[in-house]
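Me: I would like a close look at a single part of this model. Please start from the terms and build up the picture step by step.

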Amino acid sequence: MALAKRIIPCLDVDNGRVVKGVNFVDIRDAGDPVEIAKRYDTAGADEITFLDITASHEGRDTTVHMVEKIAAEVFIPLTVGGGIRKVEDIRTMLNAGADKVGINSAAVSNPDFVKAAADRFGSQCIVVAIDAKQVNTPGETPRWEIFTHGGRKGTGIDAIDWAKRMTEYGAGEILLTSMDRDGTKNGFDLALTRAISDAVSVPVIASGGVGNLQHLVDGITEGGADAVLAASIFHFGEYTIPQAKAYMRERGIEVR
Amino acid sequence: MTSQTLAVIDYGMGNLHSVASALSHVAPEIEVQVTSEPEVIARADRVVFPGVGAIGECMKAVRKLGFDHLLRQQVAAGKPVLGVCVGMQALLQRSEESAGVDCIGQLPGQVRFFGRSLTDTAGRALKVPHMGWNKVRHNGHPLWAGIEQDTRFYFVHSYYVDAAEPEQVAATCDYGHTFAAALQRNNLFAVQFHPEKSHTAGLQLLRNFVAWNGQA
């Protein structure tokens, strides 16, 4: 098997700046997404995910310009998520230079949107982002539900059923975030990752909870993920992309 | 001396600017035009035929604009032509995608679905689309200059090219089975992966294309 497992740094962007800033080893970056994306590209990242958390309309225009600038200088795939609600939003982002778009809340409120998007632009550029939280009581069979609005709003939808349905609707990839693990640095929810990865035929990106390099390995070997997404361990210079790749390679994982 | 021109054919499918910006990046001296004007395409020194999305929609747009005919003319005129991803697939005879579609027919062969139960040699299930960085074995054609064997390129596709003429296969890749990662026929070259998204190696291939005289 020669297809490499992917490492994807994620930039949370608000009004054209990477939130919290990024601290590469010896370089303090004020948070310019273009500069940061270029550095990850040079470091050997396999893709970049750009998560737009801007609320205002003016901010959206800034985001489009940022995506254009990144696409002009970064020659690896770029996924843009956050606020993608209409076919027009997808067209705007693809025209700006995004290769894929992440659809989250809009898929929950209108699942047919995913179908329309895949029919129009092709499944290869439609990533459905799933935020899942474990909802069973201890001792019960594990069960996860879809949450929206940054994990604040439950939907009652079973995460595994949802992932299958979104794949049937044309999602070409699933970006799976554990809301229980996000920001904890305790590692991915491996049971969730494995359950979703086994349930769908499309690639799954594991997200939420990475605190060290072993977590990346576990996401692939135990979680069955095709790609691993992380933000803070790379942003703050705890680990570099080459370190992550070397660590994974030593443990028998194919990386680029 | 007027500068060389390169036309990236725009037929309304997805993002062509990535291809154009990668070409401008590697060859700032040439004029890269993203265009749907037949005259501009006909005048260009080189032509890139990109493509993303479903082949049914692509071929519909290509036929509506008369680009199937135009592309045949460009190839026949001997100018270097590069097909990328669905642009490569559209150059074959027929695709299984979109319930079966007749394509442009510049390269003999079929485009087939990877299938729902693709496995590796150990019997483990493989995800479809084939998405990510995979190794490419090439035949040393001028477009591979400076690119080592087994270099990884970025792929994203659910359908693959089953070439009818083995001597036209310029590179192979393995995913479940071996498939054509690149095809060549005289001044025509086509790749299944996305060179514009394949970092250093992809940019090198584009640089080689811009320098290529159309001879194998």
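Reply: Start with a definition. A residue is buried when its relative accessible area is under 20%, exposed when that area is over 50%, and partly exposed in between. Note also that this model is predicted. It scores ipTM 0.94 and pTM 0.95.

Now take L51(A). Its relative accessibility is 32%, so L51(A) counts as partly exposed. Where does L51(A) lie? The residue sits in strand 5 of chain A, which covers residues 48–52. Together with V19(A) and I53(A), L51(A) makes a nonpolar patch of about 200 Å². Patch members must have over 30% relative accessible area. At 32%, L51(A) passes that cut-off.

Next, stay in chain A and move to T221(A). This residue belongs to helix 8, residues 213–221. T221(A) is partly exposed because its relative accessible area is 43%. Setting aside neighbours within four places in sequence, T221(A) contacts R194(A) and I253(A). A118(A) is 103 residues away from T221(A) along the chain. The C-alpha atoms of T221(A) and A118(A) are 30 Å apart.

Now for a contrast, go to chain B. Its average pLDDT is 95, and 98% of its residues score at least 70. Look at N187(B). This residue is in the loop between strand 12 (177–185) and strand 13 (188–191) of chain B. Is N187(B) buried or exposed? Its relative accessible area is 8%, so N187(B) is buried. Which residues does N187(B) touch, not counting those up to four places away in sequence? They are Q74(B), V75(B), G78(B), K79(B), P80(B), V81(B), W212(B) and G214(B).

Last, turn to the nonpolar cores. The largest has 79 residues. L6(B), Y11(B), L23(B), V48(B), F49(B), W144(B) and F189(B) touch the most other members. Helix 6 of chain B, residues 199–211, gives the most to this core, with six residues. Leaving out neighbours within four places in sequence, Y11(B) is in contact with several residues, including L16(B), F49(B), P50(B) and G51(B). C58(B), A61(B), V62(B), L65(B) and F67(B) are also contacts of Y11(B). A second, separate core has 78 residues. Among them are A107(A), I130(A), I220(A) and A244(A).

Terms used
Residues numbered from 1 in each chain as written. Chains lettered and ligands numbered in written order. Predicted model: local features only at pLDDT ≥ 70, side-chain atom pairs only at ≥ 80, totals over all residues. Heavy atoms only, no water. Patch = residues over 30% accessible without salt bridge, like charges linked within 9 Å, V, L, I, M, F, W, Y side chains within 5 Å. Areas by Shrake-Rupley, 256 points an atom, 1.4 Å probe, with all protein chains shown as cover. Salt bridge = Lys/Arg side-chain N within 4 Å of Asp/Glu carboxyl O. Helix = DSSP H or I, 4+ residues; strand = E, 2+ residues; numbered from the N terminus. Buried < 20%, exposed > 50% of the residue type's maximum accessible area, 1.4 Å probe, protein only. pLDDT = per-residue confidence, 0-100. Core = buried A, V, L, I, M, F, W, Y, C linked by side-chain atoms within 4.5 Å. Contact = heavy atoms within 4.5 Å.
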